[in-house]
Amino acid sequence: MRRVIISGGGTGGHIYPALTIARAIAAMEETEFLYVGSRRGLENTLIPKENIPFVTLDVRGLERKISVRNLLTLGKTVAGLVAAKKIIRKFNPHVVIGTGGFVCGPVLLAACLSGIPTLIQEQNVIPGVTNTILSHFVSRIALGYEAAATRFHTKSKLVYTGNPVRREVLTVTKEEGRRILGLDARRFTLVAAGGSRGARSINTAMIMVHEYFKNMDDIQIIHVTGEDEYARVAAALPGIDADGRYGRGSRIVPYLYTMPAALAAADLAVYRAGAVGLAELTVRGVPAILIPYPYAAEDHQRYNAQNLVMHGAAKMILDKMLNGKELLEEIVRLKEDKAALAAMAAAGRALGKPQAAHDIAQLALTLAYGGKQYGECN
C-alpha cells in the first residue's frame with residue numbers, strides 16, 4: 001500500500017483539486033492518505049467530511065511588503081517546517097503532493113529535505129509565490145495551463161496535465177442537469193456564479209439582467225449569489241419569493257449544492273476566472289463571460305481568463321468595467337448568436353482536460369514507485 005501526503009489549503013481552489021486527485025489515486029491503487037492543512041483555512045471544514053486523516057500546521061502567508069508581521073510569519077514558517085518534518089517522519093509517505101496555499105511550503109520543503117518524491121500541481125497561468133519557490137526543490141510540477149511553463153525555470157520537471165475536475169462534473173448530461181434543477185428543457189439557460197463567497201460586482205450587474213428578462217419565456221437563469229450577498233440581491237428585486245424565484249425564469253439562491261448539474265444544464269455562464277471553475281467550464285464546453293477577480297494574487301485570474309479568450313472559448317469583462325448594461329448587452333448578443341456559442345463551446349472542449357485527475361494521479365504514483373512508470377510496476 002502506498003502512503004500519500006496531500007497538502008493544500010486556504011481556499012476551495014486549492015482544496016477541491018487536492019480531493020479530486022486523492023480520489024483518482026484511490027481509484028487506481030489502495031492508498032493510505034494524510035492531509036496536511038493550515039489551522040485557519042477552509043480545509044478544516046471540508047477535509048473531515050471526506051474521512052481523510054487530517055492534521056494542521058500553524059503557518060501564515062507572507063505579505064508582499066516588508067513588515068513586522070512578516071518577521072512573525074517567518075518565525076512560524078520555521079516552526080512549521082520543524083512540525084512538518086515530524087509529521088513526515090511519523091507517516092513516512094512514498095510521495096507528497098501540494099496543490100497550493102502557504103501551508104504547502106513547509107510540508108513540501110520538509111519532504112524534499114527528507115529525500116521523499118514531491119509533486120506540486122499549479123492551477124493558474126501565473127504561479128503563486130509558494131509554488132514558484134517550491135519549483136526549485138520538488139520532483140515534478142503538474143501544470144493546469146500550458147502557458148504557465150514560461151513562468152518556471154526548471155523545464156525538465158514540467159508536465160502539462162490540465163486541472164483536475166470532479167467526476168460528477170463529467171458525468172451529468174444536459175438533460176439530467178435540467179431535470180435535477182427543475183428547468184425547462186427547451187429554454188436558453190444562463191448560470192451566473194461568483195464563487196462560494198459570491199462576487200458583489202457580478203451580483204450587482206445581474207440585478208439589471210434579472211429585471212430585463214423578468215417577463216420573457218425563452219430564458220431561465222440560475223444565479224448563485226454566495227451566502228453573504230443573497231439578502232442584498234433579494235432586497236433589490238421586489239417580488240422574489242421564498243424559494244428565490246423571480247419573474248418567469250430566474251432562480252436566485254445563496255448556494256447551490258448541485259453545481260455539476262447547473263454546469264451541465266448551462267448554455268452560457270457568467271463566472272469569475274478561478275482555475276477550478278474554468279477547468280469545469282472547458283471540459284463541459286460551456287461558453288462563458290468571465291469577470292476576473294481583480295485582487296487575486298499577481299492578477300492571476302485575468303491571465304487565466306485571457307487564455308480562454310485567446311482560444312475563442314470565452315468573453316471577458318474586467319471587474320472595473322463591469323455594470324448591468326455592459327453585462328446584459330453581452331448576454332443578449334451571445335444568446336441570439338447560436339453560431340458564436342457553438343464555436344465558443346467547441347473551443348472550450350478543445351482546451352478541456354477531462355483526464356487531468358487521472359494523469360496527475362498516475363504521475364504521483366510513478367513518483368511513489370521510485371520513478372518507474374505506474375502501470376509497469378504492479
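Does Ser7 count as buried or exposed, and at what relative accessibility? Ser7 counts as buried because its relative accessibility is 0%; buried here means under 20% relative accessible area, exposed over 50%, and partly exposed in between, with a 1.4 Å probe and protein chains only.

A quick note before the views: this is a predicted model, where local features need pLDDT of at least 70, side-chain atom pairs count only at pLDDT 80 or more, and totals for chains, interfaces and linings use all residues. Residues are numbered from 1 along each chain as its sequence is written, and side-chain values use heavy atoms, with hydrogens and water left out.

**View A. Ser7 and its contacts.** Ser7 sits in strand β1, residues 2-7. Strands (E, at least two residues) and helices (H or I, at least four) are DSSP runs, numbered from the N terminus. Leaving out residues up to four places away in sequence, Ser7 touches Tyr35, Val36, Ile97, Gly98, Thr99, Gly100, Val103, Cys104 and Val107, where contact means heavy atoms within 4.5 Å. Gly101 is 94 residues from Ser7 along the chain, yet their C-alpha atoms are separated by 8.5 Å.

**View B. Helix α1, end to end.** Helix α1 covers residues 12-28, and its 17 residues should span 24 Å at 1.5 Å a residue. That expected span is 1.5 Å times one less than the number of residues. The end C-alpha atoms of α1 are 24 Å apart, which agrees. Buried residues in α1 include Gly12, Ile15, Pro17, Ala18 and Leu19, and also among them are Thr20, Ile21, Ala22, Ala24 and Ile25.

**View C. Helices α11 and α12 side by side.** The axes of α11 (residues 275-284) and α12 (residues 300-310) come within 10 Å and cross at roughly 20 degrees. So α11 is roughly parallel to α12: angles under 35 degrees count as roughly parallel, over 145 as roughly antiparallel, 65 to 115 as roughly perpendicular and the rest as oblique. The axes are lines fitted to C-alpha atoms over the stretch in contact, with angles from 0 to 180 degrees between N-to-C directions. Ala275, Leu278 and Thr282 of α11 make the contact with Asn304, Ala305 and Leu308 of α12.

**View D. Two loop residues with positive phi.** Asn92 is not a glycine, but its phi is positive, about 55 degrees. Asn92 lies in the loop between α3 (68-91) and β4 (95-98), and counts as partly exposed at 44% relative accessibility. Glu298, in the loop between β13 (288-290) and α12, has a positive phi near 60 degrees. With a relative accessible area of 42%, Glu298 is partly exposed.
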